Amino acid sequence: MPETILNGGNLIEGRPSALGSERVSAHRGEGPSTATATPDEIARAAEAALRAFETYGWLAPERRAAFLDRIATEVEALGDPLLQMASDESALPLARLTGERGRTCAQLRMFASLLRDGSWLAPRIELADPDRKPLPKPDLRRTLVPLGPVAVFGASNFPLAFSVAGGDTASALAAGCPVIVKAHPSHPGTSVMVASAIVRAAEATEMPTGVFALLHGGPSVGQALVLREEIYAVGFTGSQRAGRALYDLGASRPRPIPVYSEMGSVNPLFVFSGALAERSEAMATGYAASLTMGVGQFCTNPGIVVGLADAAFDAFLQDVQTALRKVDEGTMLDEGIRNRYLEGVGALAGHESVDSHSVGEGVHPALFVTTGAKFLATPELREELFGPAAVAVRCVDEAERLAVARILEGQLTATLHFAPSDTEAVRALLPTLVRMAGRVLANGYPTGVEVNSAMQHGGPYPSTTDSRTTSVGTAAIERFVRPVAFQDFPTDLLPPELQV
């Protein structure tokens, strides 16, 4: 990657741009610095995206599919330097980043296959009946069309799979929407490398200029981008504070737009007596591994575990603590995340509603134990703490466990560990979990999100701003399209999928 491109930073209409005097460097101090986008650069990117939409939005699906395939090829061609840059900026290990690159490219190709299949358009056709009484029936044909240019915000904890060429970008480009990515400040160099791969793919497949752009900067750049009238939707992954702010900003515009914010959750895990009797030690090991995966920096991290206050659950918690003590201190994505984690752990360790805790020095896993009654009375215990920390809740009976489930806000996931003997207790709890979460797991762990047509990654607020959508899997394309019905049109003027 030429140093001039890395240090230029912004990519607009396929070319580097660095008009701003302010610089952005990775939060960890590794890697190159890039130029913050100026208001003029934001305007140029948005205007170019809208011009590109007039062509790109109506290209044949095969053309867009070829573009997505080529992006995957170009990202792979970046080779080990991309992984090393991402590791330097994020502290994530190379093995993790290798898998993340594979997921990134696989989901690009997944959307390319979806475009070639065409069934996602869900065409609906009602043929005319001129002889119907008392009024003739018109010919109506419904399909999906792209919304317009989309602003995508890169995520801190996934520098590849939820960033510049990640799921939001892939699904928006598949839908026919040009994309402007606001790079996350945690990994500007990685963002420029991937963005350059997208630009090369656009050139190789003869996409319209302006179909993709990359901008760097802080909150003011993101806010200005969302307010541009050329933007028709937003994809975001990050904190509840930032996600809600963008959602409110999108709603405040003279022409409101959808803002799809995925904002994390505590992902409760419920353990039942029969399962504890059968496999308590294995469950404890599995739970500890899920809790500490990636230093706990996943939106699906299982931050609450709930059981009955008995000897079996206490033994399970002892085994969890034993497993957590074996985990070495971790390096978090940046100093801000590390400091917030340590502050949160310190606050919980001294909280009057916590009966006991196991906390190591530095960024170590932490387990806090409380009662169902105190959990119900203490909102702070129900808040997400981003990192490898969990709150264990000891409930006096099934009724209190149900009350604990009901008080939780919307979640990305909810998990149950049970045996056949627990079926009736699970049946009683399940409706509450279905109401609460976007994905409900049986005898598994929520970390590790399968990318396919059946995945639902999004739940009721505050886990996301729209529980009807997903940010993972092929259904993610539905966020960036809208339905249009054509009435009494000649066949040759209809979209191909309606020409039957």
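D488 is found in the segment after β19, where strands (E, at least two residues) and helices (H or I, at least four residues) are DSSP runs numbered from the N terminus. The model is predicted: local features need pLDDT of at least 70, side-chain atom pairs count only at pLDDT 80 or more, and totals for chains, interfaces and linings use all residues. Residues are numbered from 1 along each chain as its sequence is written, and side-chain values use heavy atoms, with hydrogens and water left out. Here is a friendly tour of the backbone features to look up.

**Positive phi at non-glycine residues**

- D488 is not a glycine, yet its phi is positive, about 60°.
- You will find A91 in the loop between α4 (79-90) and α5 (94-117).
- A91 is partly exposed, and its relative accessible area is 24%.

**Cis peptide bonds**

- The bond from K133 to P134 is cis, with omega near 5°.
- P134 sits in the loop between β5 (124-126) and β6 (140-146).
- Y461 and P462 are likewise joined by a cis peptide bond, and omega there is about 10°.
- To locate P462, look in the loop between β18 (437-442) and β19 (481-487).

Conventions
Buried means under 20% relative accessible area, exposed over 50%, partly exposed in between (1.4 Å probe, protein chains only).
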